[in-house]
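This report is for a reader new to the structure shown below. It takes up the ligand, the sheet and a few loop residues in turn.

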Amino acid sequence: MHKDSQGFERTFALGELEATNALGARIAASLQVGDTIALAGELGAGKTTLARAILRALGVTENVPSPTFTLVQTYETPRLAVRHYDLYRIENPTDIDELGLDEALDEGAALIEWPERAGSRVPSDALHVVLSLTNDDRRAHIAGPSRWANAFGEVSHVR
Ligand SMILES: Nc1ncnc2c1ncn2[C@@H]1O[C@H](COP(=O)(O)OP(=O)(O)O)[C@@H](O)[C@H]1O
Ligand SMILES: [Mg+2]
């Protein structure tokens with residue numbers, strides 16, 4: 001779905017926690033107001049860990065809890081505001097209209113766990129990160145607008 005319409009696609013091996021932190025730092029360095037980062041993958045695949053890495057790299061020092069129950073957590077960072085969503089518990093994509101995604105993107109960026117729950121309400125220019133954990137093999141498959149290619153220039157990746 002995203003592959004044909006979007007210009008950037010790559011897979012990264014995330015064997016060590018440091019690799020996930022480095023990926024988060026790369027995403028953070030290129031994150032702009034209006035950006036959505038969709039974080040997909042099964043329970044325990046590392047969505048919250050990557051969101052935390054992005055927020056830490058943006059300078060967030062406070063605790064970054066999983067928004068499993070609150071559905072959304074808002075952070076002010078020196079460069080931009082970030083809202084971190086976990087949509088696992090929403091029942092209908094329209095529920096996201098009450099969670100302020102439009103406002104979030106006017107003012108900053110959005111990190112969205114379980115983006116498939118939001119259906120077509122996920123912006124079409126989102127960076128899609130699909131995290132997987134098979135046996136001990138952790139990976140991130142990333143696809144999105146071609147401007148993101150610049151963000152990942154030097155990071156080692158799986159072909
Ligand atoms: N390389 C890695 N990247 C991300 N998480 C890792 C890694 N290695 C181990 N983990 C652990 O896997 C778990 C991932 O959980 P979490 O990020 O909450 O997943 P999700 O939000 O997808 O349910 C955490 O306990 C984390 O410490
Ligand atoms: Mg999570």
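## Contacts of the ligand

A polar contact is a pair of N or O atoms within 3.5 Å. The model described here is a predicted one. An oxygen atom of ligand 1 lies 2.5 Å from an N or O atom in the side chain of threonine 49, so this pair falls within the cut-off of 3.5 Å. Another side chain that takes part is that of arginine 138, where an N or O atom is 2.9 Å from an oxygen atom of ligand 1. Glutamate 16 contributes through its backbone: one of its polar backbone atoms is 3.1 Å from a nitrogen atom of ligand 1. On its own, ligand 1 has 570 Å² of accessible area, and the protein covers 69% of this.

## The shell around the ligand

How many residues surround ligand 1? There are 15, and the closest are Thr20, Gly44, Lys47, Thr48 and Thr49. By type, the residues of the shell divide into 4 nonpolar, 6 polar and 5 charged.

Two or more residues of the shell come from each of the helices α2 (17-30) and α3 (47-57). The largest share, 3 residues, is that of α3.

## The sheet

The model has an open sheet of 7 strands. Strands of a sheet pair through backbone hydrogen bonds, either parallel or antiparallel. In this sheet the pairing is mixed, and the strand order is β1-β7-β6-β2-β5-β4-β3. Which strands are at the edges? They are β1 (8-13) and β3 (72-76), each of which pairs on one side only. From one strand to the next, the twist averages 15°.

Strands β6 (residues 127-134) and β7 (residues 137-144) pair in the antiparallel sense, with 7 bridges.

Is strand β4 largely enclosed or largely open? Because 6 of its 6 residues are buried, β4 is largely enclosed by the rest of the structure. Its side chains point two ways: Ala81, Arg83 and Tyr85 one way, Val82, His84 and Asp86 the other, and all are buried.

On one side, β4 pairs with β3 in an antiparallel manner through 5 bridges. The two strands form a hairpin, with 4 residues between them. Glutamine 73 has histidine 84 in β4 as its bridge partner, and threonine 74 stands opposite arginine 83 in β4.

## Residues in the loops

Most residues other than glycine have a negative phi. Leucine 71 has a positive phi of about 70° although it is not a glycine. Leucine 71 is found in the loop between α3 and β3. Tryptophan 114 is another residue other than glycine with a positive phi, near 55°. The loop that holds tryptophan 114 runs between β5 and β6. Is tryptophan 114 buried or exposed? Tryptophan 114 counts as buried because its relative accessibility is 8%, and buried means under 20%.

Aspartate 95 sits in the loop between β4 (81-86) and α4 (101-107). With a relative accessible area of 25%, aspartate 95 is partly exposed. Aspartate 95 is 23 residues from alanine 118 in sequence, and the distance between the two in space is 8.1 Å, C-alpha to C-alpha.

Conventions:
Residues are numbered from 1 along each chain as its sequence is written. Chains are lettered from A and ligands numbered from 1 in the order in which they are written. This is a predicted model: local features need pLDDT of at least 70, side-chain atom pairs count only at pLDDT 80 or more; totals for chains, interfaces and linings use all residues. Side-chain values use heavy atoms; hydrogens and water are left out. A residue is near a molecule or strand if one of its heavy atoms lies within 4 Å of it. A polar contact is a pair of N or O atoms within 3.5 Å; within protein, one must be able to donate a hydrogen and the other to accept it, and residues adjacent in sequence count only if both atoms are side-chain atoms. Accessible areas come from the Shrake-Rupley method with a 1.4 Å probe; for residues, only the protein chains shown count as cover. Ala, Val, Leu, Ile, Met, Phe, Trp, Tyr, Cys and Pro count as nonpolar, Asp, Glu, Lys and Arg as charged, and the others, Gly among them, as polar. Buried means under 20% relative accessible area, exposed over 50%, partly exposed in between (1.4 Å probe, protein chains only). Two strands pair if DSSP finds at least two bridges between them. Axes are lines fitted to C-alpha atoms, for helices over the stretch in contact, and angles run from 0 to 180 degrees between N-to-C directions.
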